[in-house]
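Biologist: Please give me a close look at one part of this model. Keep it brisk, and state each cut-off once.

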Amino acid sequence: MPVDRMRICGPEETRHPLVLELCGRPVRLFQDDGTRLDGRSADQIRPMFMKCGVISHAQGSAYIEMDRTKAICAVYGPREFGKREDFSIKGRLTCEFKFATFSCKIRRQQQQDAEEKEFSQILLQSLSPAVCLHKFPKAQVDIYVMVLENDGSALSAALTCGSLALADAGIEMYDMVVACSVVSVSQTKAYSDGN
Amino acid sequence: MAAQFKRIQLDAYYSKYLQRGRRPDGRALDAFRKTILNVGSIRTADGSALVRLGNTTVVCGVKAELAAPRPDAPTKGYVVPNVELPAMCGPDFRPGPPAELAQVTSQLMLDVVRHSGCVSEERLCVADGELVWVLYCDVVCLAYDGNLADACVVALLAALTNTRLPAVTLDDETKRERVDADVRVPLDVLSYPVATSFAVVDERVLLADPNAEEESLATAVVTVVTLESGQLCIVHKPGGSPIALEEMERCIELSLARAKQIRQLEKETRLSLER
């Protein structure tokens with residue numbers, strides 16, 4: 001890993017104290033009566049909390065909590081394009097997804113890694129169809145999502161949060177976008193809102 | 001009418017208020033914004049704190065990892081603070097490498113940790129020369145409205161006080177570490193530094209706890225870090241217009257009073273969590 005001159009760096013190699021435990025130990029997912037460890041049934045989602053207008057300087061912002069998973073989103077725009085490009089009839093949307101370094105069990109890097117880039121693409125593909133892009137030609141709307149704590153379903157929380165923030169910003173949309181994750185743990189059953 | 005005047009001539013708009021000893025947001029010149037502190041809400045981190053100073057919101061998460069110590073300091077662990085200003089915190093920030101403000105504030109955090117002695121690097125040692133703790137203290141600014149330094153220092157210290165490390169021992173024979181995840185040892189925080197920032201506007205007027213607008217007008221910004229003993233730890237004044245000695249003394253006096261308030265707030269928050 002090249003030395004990052006713009007940040008305070010620790011030693012080159014560090015490891016999480018529980019890394020062997022986290023990777024090695026088989027985990028029990030269900031109780032004896034078939035419900036999940038937190039008492040939910042297969043298709044039950046966790047309690048949620050949502051709030052808009054949490055970042056004062058942003059055009060729109062939202063915060064979501066799905067039990068322990070926490071995500072915050074800010075929307076800026078419509079503002080002028082980052083790079084001067086040719087005239088475009090439709091507006092543009094950019095999305096940036098980031099896990100905070102302390103949000104996961106094993107610390108993440110400060111730079112965006114491949115998974116975060118993939119999630120940013122997924123966010124863009126999911127939110128673009130819902131936004132009336134033709135209403136802001138030559139301008140772009142920037143969506144920045146950060147996951148503060150990841151207890152599963154981070155991408156769904158981010159998507160829902162992004163959609164809320166867009167609405168809070170007053171960007172014209174065809175509809176709201178909501179997301180939910182589904183996890184399959186055996187051949188026959190699927191469980192929604194995996195933690 | 002006032003809104004247009006503010007947009008076109010921000011400095012004249014401010015002067016009109018300052019002449020009457022008040023700021024546009026209603027505060028007195030030496031008053032601080034409402035401070036809210038919340039600790040321990042992020043369970044994936046070993047210690048965490050969220051601070052709201054007016055509209056400035058920062059979150060600090062402490063993650064502890066294990067590493068080999070430096071050969072020239074075999075009994076010392078590491079404390080690695082970093083401040084991040086992601087694009088979401090304000091319209092002037094863009095994605096990419098850390099902005100200058102982030103780098104300067106990170107360095108200030110490192111100086112605060114080193115010079116206040118709040119965390120002893122020796123106590124982070126698990127086994128001499130073999131295994132030490134590395135505390136990654138990442139402060140993320142979620143909303144920027146001025147006075148990043150103060151908010152970051154409060155968040156950092158509150159998160160460190162909230163940090164609980166798993167018990168680790170090194171097996172002498174196998175040289176493998178044994179971690180007991182169920183036993184959590186609170187981190188020893190030996191001192192509690194508090195930072196207070198002031199902006200100099202109009203070359204004479206000193207404003208405590210400047211917001212983003214006031215910082216944009218400031219000709220100088222000074223940050224004073226004090227300890228519980230009433231001692232001065234750091235005075236950070238990177239250039240800018242000169243400040244008279246009496247004014248500097250007034251800053252230090254205000255900092256000491258403010259520091260008491262912050263320590264009281266942190267204590268109340270911690271006790272309410274334990275209840």
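Modeller: P78(A) is found in strand β3 of chain A. Strands (E, at least two residues) are DSSP runs, as are helices (H or I, at least four), numbered from the N terminus. The peptide bond that leads from G77(A) into P78(A) is cis, with omega near -5°.

Some ground rules. This is a predicted model, where local features need pLDDT of at least 70 and side-chain atom pairs count only at pLDDT 80 or more, while totals for chains, interfaces and linings use all residues. Residues are numbered from 1 along each chain as its sequence is written, chains are lettered from A and ligands numbered from 1 in the order in which they are written, and side-chain values use heavy atoms, with hydrogens and water left out.

Next, the loop between β2 (60-66) and β3 of chain A. D67(A) lies there. Its phi is near 60°, a positive value in a residue other than glycine. D67(A) is partly exposed, at 39% relative accessibility. On that scale, buried is under 20% relative accessible area, exposed is over 50%, and partly exposed is in between (1.4 Å probe, protein chains only).

Now the interface. Chain A puts 40 residues into the contact and chain B puts in 50; contact means heavy atoms within 4.5 Å. About 3900 Å² is buried between chain A and chain B, and carbon and sulfur atoms give 59% of that. Buried area is the accessible area (1.4 Å probe) that two parts lose on being put together, summed over both.

The rule finds one salt bridge across the interface, the cut-off being a side-chain nitrogen of Lys or Arg within 4 Å of a carboxyl oxygen of Asp or Glu. R107(A) pairs with D138(B) in a salt bridge, with the closest N and O atoms 3.0 Å apart. On the side of chain A that touches chain B, the elements giving two or more residues are α1 (19-24), β3 (69-80) and β5 (139-149). β5(A) gives the most, with six residues.

Across in chain B, strand β3 (residues 56-67) holds T57(B). T57(B) is buried, at a relative accessible area of 8%. Beyond its neighbours within four places in sequence, T57(B) is in contact with several residues, among them L50(B), V140(B) and L142(B). T57(B) and A67(B) sit ten residues apart in sequence and 32 Å apart in space, C-alpha to C-alpha.

One more positive phi. N147(B) has phi near 55° and is not glycine. N147(B) is in the loop between β6 (131-143) and α4 (148-162) of chain B. N147(B) is buried, at 2%.
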